[in-house]
Amino acid sequence: MVQERSLPSLSIPQTTITREQGLMLYEDMVLGRIFEDKCAEMYYRGRMFGFVHLYTGQEAVSTGVIKAMRPDDYVCSTYRDHVHALSAGVPAREVMAELFGKATGCSKGRGGSMHLFSAKHHLLGGFAFVAEGIPVATGAAFQTMYRRQVMGDAKADQVTACFFGDGASNNGQFFECLNMAALWKLPILFVVENNKWAIGMAHERASSETEIYKKAKVFGMVGEEVDGMDVLAVRTVAEAAIARARAGEGPTLIEALTYRFRGHSLADPDELRSKEEKEFWLKRDPIKKLGAYLVEQELATNEDLRAIEQKVQAIVDDAVAFAEESPEPKPEELYDYIFAEE
Amino acid sequence: MFNALRAAIDEEMERDPTVFVLGEDVGHYGGSYKVTKDLYKKYGELRLLDTPIAENSFTGMAIGAAMTGLRPIVEGMNMGFLLLAFNQIANNAGMLRYTSGGNFKIPIVIRGPGGVGRQLGAEHSQRLEAYFQAVPGLKIVACSTPYNAKGLLKSAIRDPNPVLFFEHVLLYNLKEDLPEEEYLLPLNKAEIVRSGEDVTILTYSRMRHHVLQAVKTLEKEGYDPEVIDLISLKPLDFETIGASIRKTHRVLIVEECMKTGGIGAELSASIMERYFDELDAPVIRLSSQDIPTPYNGTLENLTIVQPPQIVAAVQKLVQGQV
């Protein structure tokens, strides 16, 4: 087993979250977890098809960043996008229906698991090729800066969060966009979810410098390393980065050290990752960690947490029922959405 | 023609503050072919955004800006360079609107010089319109005169969809008096350059001018060809094309892209499918050779279609020798 990188620790002053915030973060992570468990079940029961990449284990990153943002901020994801979409506010019904390929899905059944979109929730996608979302997110951030500086719109202070994995950090688009974002001081967070594996390619076999956050420095950008299994740590780092971006002080590269508890996709036999490694990370389950913290700090009781889990279970069950009952897209609408009419 | 393109951009930027240009050397330098000359002085550096040499990323960035409400014009310093942006153009400009179930519009123009120039070598002499025609969701337009360049570019900028807009490296210095008043030209209409009865010649971009040279000879010999400039390479304007074929019953395609998988290949197959019963002769294609464009001037001229070949092809077609 490879020596695990020492995780950065961040002491969170107890006053940084209220009971309401703590429960909100807990609920969002639990939603991601239970939703994805249900996805696995539905995939194996033949209700969803194609490639399905689950996020289980990484919830603290999505919740920690997106729940520190405003609803009018932008979120850009990858092919592992279900939980980012949920954190961004896309209703579970619409995400589940999309995975079922139904007309009521957030992409009207045209996108599928890897192509979730919601203009209403400022979710830019859902990008299935590694790193191709990074330029698009950079463009959304450019747009905000443009509206503010060229069009004189003082309300244009939205921030874009761009999520991608360790594998993407070796792609040219990553370096090119870090350069441009720093050059033009764009309001963007580049959030690398370093889960150590790009399918079967171990990060240390692919990267000459494995500490990705250090790559910010050559662009004159702030780079932060954070324990991606600790939602409060992620939230704290994200809040600072969002404040910098909103103030026009430019982008931040955040490397969240995390782990996916399942294989790359539901089709991945997951034979390369060692048992020891998986056990090491499973012990650091971000949901259990936050739950324990909330109880320990007397911000919540175990009953509160169980109630949230039951509430979320009902949301997910409702999403499945909605997806099951929803209509398929109509054959006569096959050509819809190719071109916009204005 | 570069002034016509510049005027189109200037007028649209004046009209709509969300329109901006980005690309290599479009700002201070004014564009390699002067299409954005000095516009940065009027509109500032953010609206004439000089980018680093990172085609895939700045094209993707423009797509993200378009998805969120701006109207970017990406200049490919040479359209061939946009091979490096193929992923963003195909996956995200072309397909994202559909894949998103109509969540996003992508009003973007991707323009610049294409075609075979004068001894620029293989990489700078590419005809990407053929490569991109298979990508769903893209409109592809080729301008050929200062008049149509201006009217078409203005329409492309106002179109809510991604438009690949091909200019030709050897046509930038064409001169023509343009109307004083504003005008727009439809992106989806072919232009009947010369009406005739004997044969329909379908062409676009610089080959329009080779065809017109050939027509001068043909007219002296008593031929009466109809010349159609396709303008829209995708979708093809079959209304205009079909009406002409029903009149002439013979088709000659003259193009600068390579024969294999080219615009002419698509056109020829579609004509066969739609108008087989109208045809009195097989559709003939005159295309560039299927080779990387050679540097040597003589070899380069042999690679692309020359006016005498067009004359000979029309003579054969009309005389029933094919």
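Reader: How many disulfides does a search of the whole structure find over all chains?
Author: The search finds 0 disulfides over all chains, a disulfide being a pair of cysteine sulfur atoms within 2.5 Å. This is a predicted model, in which local features need pLDDT of at least 70 and side-chain atom pairs count only at pLDDT 80 or more, while totals for chains, interfaces and linings use all residues. Residues are numbered from 1 along each chain as its sequence is written, chains are lettered from A and ligands numbered from 1 in the order in which they are written, and side-chain values use heavy atoms, with hydrogens and water left out.

Reader: What confidence does the predictor give the complex?
Author: The complex has an ipTM of 0.96 and a pTM of 0.97. For chain B, the mean pLDDT is 97 and 100% of the residues reach 70 or more; pLDDT is the predictor's confidence in each residue, on a scale from 0 to 100.

Reader: Okay, sheets. What is the strand order in chain A?
Author: Chain A has an open sheet of 5 strands with parallel pairing, in the order E1-E2-E3-E7-E6. Helices (H or I, at least four residues) and strands (E, at least two) are DSSP runs numbered from the N terminus, and two strands pair if DSSP finds at least two bridges between them. Strand E1 (74-76) and E6 of chain A are the edges, and because each has a single partner strand, one side of each is left without a neighbour in the sheet. On average, neighbouring strands are turned by 20 degrees against each other, direction ignored.

Reader: Is E7(A) mostly covered or uncovered?
Author: Strand E7 of chain A, residues 252-257, is mostly covered, with 6 of its 6 residues buried. Thr252(A), Ile254(A) and Ala256(A) point one way, while Leu253(A), Glu255(A) and Leu257(A) point the other way.

Reader: How many bridges join E7(A) to E3(A)?
Author: There are 6 bridges between E7(A) and strand E3 (residues 188-194) of chain A, and the two run parallel; Asn194(A) has Leu257(A) as its bridge partner in E7(A). Strand E6 (residues 222-227) of chain A also pairs with E7(A) in the parallel sense, over 6 bridges, with Gly223(A) opposite Leu253(A). From E6(A) the chain crosses through helix H8 (residues 231-246) of chain A to E7(A) in a right-handed β-α-β crossover, meaning that, with the strands pointing away from the viewer, the path from the first strand over the helix to the second runs clockwise.

Reader: Which strands does helix H2 of chain A lie across?
Author: Helix H2 (residues 59-66) of chain A lies across E1, E2, E3 and E7 of chain A and runs at about 165 degrees to E2(A). Helix H5 (residues 133-149) of chain A packs on the sheet as well, touching E1, E2 and E3 of chain A, and its direction makes about 170 degrees with that of E2(A). Axes are lines fitted to C-alpha atoms, for helices over the stretch in contact, with angles from 0 to 180 degrees between N-to-C directions, and contact means heavy atoms within 4.5 Å.

Terms used. Buried < 20%, exposed > 50% of the residue type's maximum accessible area, 1.4 Å probe, protein only.
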